[in-house]
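This briefing is for a reader new to the structure shown below. Please look through the sequence and the model first, then read the points that follow.

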Amino acid sequence: MGVHHQIIVVGSGLSGLRAALEAKKNGLDVAIISRVQPVRSHSIAAQGGINAALGNASEDSTNSHAFDTVKGSDFLADQDAVEVMTQEAPGIVYEMEHWGTPFSRTKDGKIAQRPFGGAAFPRTCYATDITGHALLHTMCERSVYEGIKVYEESLLLSVVRSDNSVCGIITLNIKTGEIESFSADSVIIATGGYGRIYGNSTNAIINTGSGMAFPYMTASVPLKDLEFVQFHPTTLYGTNILMTEGARGEGGYLRNKNGDRFMKNYTPNVMELAPRDIVARSIQTEINEGRGFDNAYVHLDLTHLGREKIAERLPGIRDICIYFAGLDPVEKPIPIQPGQHYSMGGIACNKDCETEVSGLYAAGESACVSVHGGNRLGGNSLLDTIVFGKRAGHYAAIYLKSKPKKDCTTAIDAELKRVKAKVNALENSTGKENPSKIRSELKAMMVTNAGVFRDKAKLEAGVVKIKELKERYKTIHLLSKSKKFNLDLLRNLELEGKLVLAEVILKGALMREESRGSHFRTDFPTRDDAKFLKHTIAYHTEDGPKLEYRDVNISKFTPEARKY
Amino acid sequence: MITFKIERFDPDVDREPRFQTYSVADNKEMSVLEALFYILENLDGSLSFRYSCRGAVCGSCAMHINGRNRLACQTLIKTLNSKTITVSPLPHQKIIKDLVVDMDNFFEKYEKIKPYLINHSVEPEKERLQSIKEREKIDEMVNCILCGACYSACTMSALDGKFLGPAALTKAYRFYADSRDTAKKERAEIVDSEHGIFRCHTLFNCSEVCPKKIVPTYSIQKLKGAVAKKRLS
Ligand SMILES: Cc1cc2nc3c(=O)[nH]c(=O)nc-3n(C[C@H](O)[C@H](O)[C@H](O)COP(=O)(O)OP(=O)(O)OC[C@H]3O[C@@H](n4cnc5c(N)ncnc54)[C@H](O)[C@@H]3O)c2cc1C
Ligand code: FES
């Protein structure tokens with residue numbers, strides 16, 4: 001039956017590592033399975049910062065943080081979860097500082113904080129513009145200190161359940177090519193986002209969403225709010241590498257081809273510091289109405305900030321521009337366009353990270369707790385990963401104490417056999433279709449049909465296209481038969497998951513006939529609380545997702561029109 | 001057209017590495033990593049290489065490109081100014097397959113230097129204060145992405161399999177120089193070992209290749225000074 005651990009965490013980004021550390025602290029036998037070596041996880045790429053009402057730059061309160069988060073979410077966030085996240089934020093940030101995170105500092109030696117969109121005060125703690133790097137290294141360092149076991153370069157393919165509880169997982173060992181099984185009393189999914197379903201994404205190439213798709217397909221755990229896809233307003237034209245919101249936080253301007261700071265026409269009070277969904281739509285509108293450059297991008301102008309400030313606060317951004325765009329932002333404005341950035345939706349779970357399957361937990365970007373609702377504020381995701389990573393580890397440990405004894409051998413063996421047969425069939429497939437074509441058509445379709453602006457016709461066409469791609473996927477052939485590091489096999493296993501998630505996004509967006517947060521329907525441009533102040537829950541069936549709605553937890557903050 | 005000469009090796013079937021040639025359309029804005037994906041998708045599905053962020057922050061894609069260790073994602077074809085691009089795995093490392101090398105040794109050394117902040121005093125309720133000046137001292141070292149480019153370029157690391165190497169030593173200095181760390185003596189002892197800092201012959205190979213413009217030699221020299229001081233006292 002393979003290896004056994006009491007708790008298996010899938011994913012070694014911030015949320016996975018934090019979950020494992022918490023389980024370990026509870027004296028449990030925990031191991032991590034990850035697609036990559038931990039420091040290669042996508043959390044490394046976060047630039048701008050992590051939110052916590054420390055009050056180091058000006059007055060602030062956790063209540064204000066909670067309100068901004070709920071308002072930013074367009075009232076779709078669950079307020080009990082937001083309460084937990086914002087209250088725990090200062091403690092979490094101090095803990096990371098104690099573990100060694102090299103935060104940037106104020107004159108009096110405290111953790112520095114910068115303004116971010118949608119926040120009433122400068123609340124975003126940062127380490128220049130490599131905050132994710134600084135945090136992920138600290139978390140990896142801590143896991144070395146605690147001796148956390150990591151099985152790296154293994155891809156989760158299946159979550160095994162029997163009756164209503166989890167039994168373990170099946171993986172592909174990328175280095176050897178073997179299909180392996182792990183039994184566990186509890187499994188925590190912390191596999192990050194699915195950005196690479198889209199053609200223009202800021203995400204790491206490994207962010208294919210397989211960690212959401214496979215549990216959904218194999219363990220029937222539902223997904224929540226997948227139609228809420230965040231488009232970051234400022235990604236480098238061409239490669240879509242992120243230009244952090246910190247660039248606007250530090251005073252950067254957005255200009256169209258006439259040189260106008262166009263945000264004055266959209267959100268004159270907060271200008272460039274409006275929340276992401278609004279800025280992304282404003283930029284896209286400028287482009288669509290012919291005021292962008294080459295019908296494709298606008299400028300992020302930092303030139304007035306000066307060499308010194310850019311070197312001190314945004315050195316990584318400067319390097320990226322020099323290497324990837326051949327320009328120095330000290331001298332020239334940066335060409336930017338909106339790009340897919342974050343998934344507000346994910347595996348459905350509650351504020352204790354519990355899913356519908358006993359013993360199965362989810363945290364971080366692969367989960368939907370939901371603290372971000374229809375739109376996540378910058379700096380709240382790193383916070384989410386650590387707060388809920390810790391909680392997932394904590395509640396999994398509690399679960400273990402009262403868990404009924406159960407024999408999972410049969411269930412795991414059967415699933416191992418099924419997955420092996422499936423992979424085998426893929427390896428020996430002799431179809432005509434080149435899977436790379438499916439992958440690129442999917443990416444292009446998602447940008448056009450489920451992008452910044454949506455409507456019924458585009459979404460319906462997208463659903464039709466997905467059906468076609470799914471059919472074609474059945475007739476692909478692999479290009480390689482090598483056992484070790486077979487990227488062809490790996491990427492085509494991931495592709496199946498991408499198609500499944502894309503369908504959930506499209507159908508959820510089609511059903512949601514309103515505009516809320518990042519989900520903007522040109523045919524239904526207003527928010528409709530009467531019908532849609534609800535979470536979308538998707539269950540997997542062979543014919544695509546079965547969708548239901550579930551109430552949002554509203555406590556302190558009554559929904560009101562969202563104005564900035 | 002650009003010619004890619006790529007080193008191929010599958011230890012399961014090949015006795016020794018060989019070069020295979022591919023032609024890729026001359027798209028100057030393309031990075032070497034994108035070219036590898038092009039080859040994978042269109043010319044040869046059996047090619048293996050590592051990737052993750054494609055933005056020069058995760059350290060996955062370090063390899064030997066036109067005579068030098070670089071990040072494939074950060075290296076645009078146009079900056080190489082060459083019609084032929086030769087790509088091999090990081091030198092002196094065990095090859096798993098093609099461009100993928102075994103990084104276990106590298107990370108074992110990283111773990112040896114105790115890569116975590118050590119401070120046994122009672123944790124304050126809020127942050128430990130650190131002045132802007134104190135923070136500046138580690139500004140460069142914290143940028144390390146553990147890609148292994150320096151390690152694999154280091155002649156001493158190639159000769160002495162146990163030498164801690166530039167990346168681990170830079171990490172050691174990152175903590176040594178952190179005003180919040182209280183294990184200076186312990187750290188000096190770890191790096192003052194048979195396979196520690198004094199094996200560094202200051203060849204600067206590491207500093208030359210670092211994609212993050214870090215100078216490991218600086219950290220190593222600083223540690224040498226610290227150890228000398230410790231020995232004297
Ligand atoms: C460029 C960029 C900048 C950002 N900047 C900020 C910021 O400044 N502030 C902020 O708050 N947020 C920011 N975000 C968002 C934030 O960084 C991410 O949401 C967060 O880091 C996700 O962390 P995670 O632990 O959930 O997942 P990740 O860090 O993505 O880790 C996922 C892990 O799961 C593993 N994995 C995935 N699939 C599988 C599988 N099938 N089997 C096995 N393992 C698997 C991977 O190997 C990886 O270890 C940014 C995002 C991007 C794209
Ligand atoms: S892919 Fe991350 S450094 Fe190149």
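What percentage of the 233 residues in chain B is buried? Buried residues account for 58% of them. The model is a predicted one.

**Chain B as a whole**

- Chain B contains ten helices and seven strands.
- Taking contacts in chain B between residues at least 6 apart in sequence, 64% join residues that are at least 24 apart.

**Helix H1 of chain B**

- Helix H1 of chain B covers residues 32-43, and its buried residues are B:Val32, B:Leu33, B:Ala35, B:Leu36, B:Phe37, B:Ile39 and B:Leu40.
- The cover over these buried residues includes an element of chain A, H14.
- From chain B, the cover includes strands S1 (2-8), S2 (18-24), S3 (62-65) and S5 (84-88), together with helix H2 (77-80).

**Helices H7 and H10 of chain B**

- Helix H7 (residues 165-176) and helix H10 (residues 216-232) of chain B have axes that come within 8 Å and cross at roughly 60°.
- H7(B) is therefore oblique to H10(B).
- The crossing of H7(B) and H10(B) is left-handed.
- On the H7(B) side, the contact is made by B:Pro166, B:Leu169, B:Thr170, B:Ala172, B:Tyr173 and B:Tyr176.
- On the H10(B) side, the residues are B:Pro216, B:Tyr218, B:Ser219, B:Ile220, B:Lys222, B:Leu223 and B:Ala226.
- Sorted by class, the contact of H7(B) with H10(B) has ten nonpolar, two polar and one charged residues.

**Helix H10 of chain A**

- Helix H10 of chain A runs over residues 380-402, and its 23 residues should span 33 Å at 1.5 Å a residue.
- The end C-alpha atoms of H10(A) are 33 Å apart, so the span agrees with that expectation.
- H10(A) is mostly covered, with 17 of its 23 residues buried.

- H13(A) has 18 residues and reaches 26 Å from its first C-alpha to its last, close to the 26 Å expected at 1.5 Å a residue.
- The buried residues of H13(A) are A:Leu459, A:Gly462, A:Val463, A:Ile466, A:Leu469, A:Arg472 and A:Tyr473.
- Helices H11 (409-427), H12 and H14 of chain A are included in what covers them.
- Helix H13 (residues 456-473) and helix H14 (residues 487-511) of chain A pack at about 155°, their axes being 9 Å apart.
- H13(A) and H14(A) are therefore roughly antiparallel to each other.
- Their crossing is left-handed.
- Residues of H13(A) in this contact include A:Leu459, A:Val463, A:Ile466 and A:Tyr473, and those of H14(A) include A:Leu495, A:Leu499, A:Ala502 and A:Leu506.
- By class, the contact of H13(A) with H14(A) has 13 nonpolar, two polar and seven charged residues.

**Backbone details in loops of chain A**

- A:Val369 and A:Ser370 are joined by a cis peptide bond, with omega about 0°.
- A:Ser370 lies in the loop between strand S17 (367-368) and H10 of chain A.
- A:Met271 is not a glycine, yet its phi is positive, at about 50°.
- A:Met271 sits in the loop between strand S12 (253-255) and helix H7 (276-288) of chain A.
- The relative accessible area of A:Met271 is 17%, so A:Met271 is buried.
- A:Phe485 also is a residue other than glycine with a positive phi, near 45°.
- The loop between H13 and H14 of chain A holds A:Phe485.
- A:Phe485 counts as buried because its relative accessibility is 4%.

**A:Lys437 of chain A**

- A:Lys437 belongs to helix H12 (residues 435-449) of chain A.
- With 47% relative accessibility, A:Lys437 counts as partly exposed.
- A:Lys437 and A:Leu302 are separated by 135 residues in sequence and, C-alpha to C-alpha, by 38 Å in space.

Technical notes:
Residues are numbered from 1 along each chain as its sequence is written. Chains are lettered from A and ligands numbered from 1 in the order in which they are written. This is a predicted model: local features need pLDDT of at least 70, side-chain atom pairs count only at pLDDT 80 or more; totals for chains, interfaces and linings use all residues. Side-chain values use heavy atoms; hydrogens and water are left out. Helices (H or I, at least four residues) and strands (E, at least two) are DSSP runs, numbered from the N terminus. The expected span of a helix is 1.5 Å times one less than its number of residues. Buried means under 20% relative accessible area, exposed over 50%, partly exposed in between (1.4 Å probe, protein chains only). Axes are lines fitted to C-alpha atoms, for helices over the stretch in contact, and angles run from 0 to 180 degrees between N-to-C directions. Angles under 35 degrees count as roughly parallel, over 145 as roughly antiparallel, 65 to 115 as roughly perpendicular and the rest as oblique. A crossing is left-handed if the near helix is turned anticlockwise from the far one by less than a right angle, and right-handed if clockwise. Contact means heavy atoms within 4.5 Å. Ala, Val, Leu, Ile, Met, Phe, Trp, Tyr, Cys and Pro count as nonpolar, Asp, Glu, Lys and Arg as charged, and the others, Gly among them, as polar.
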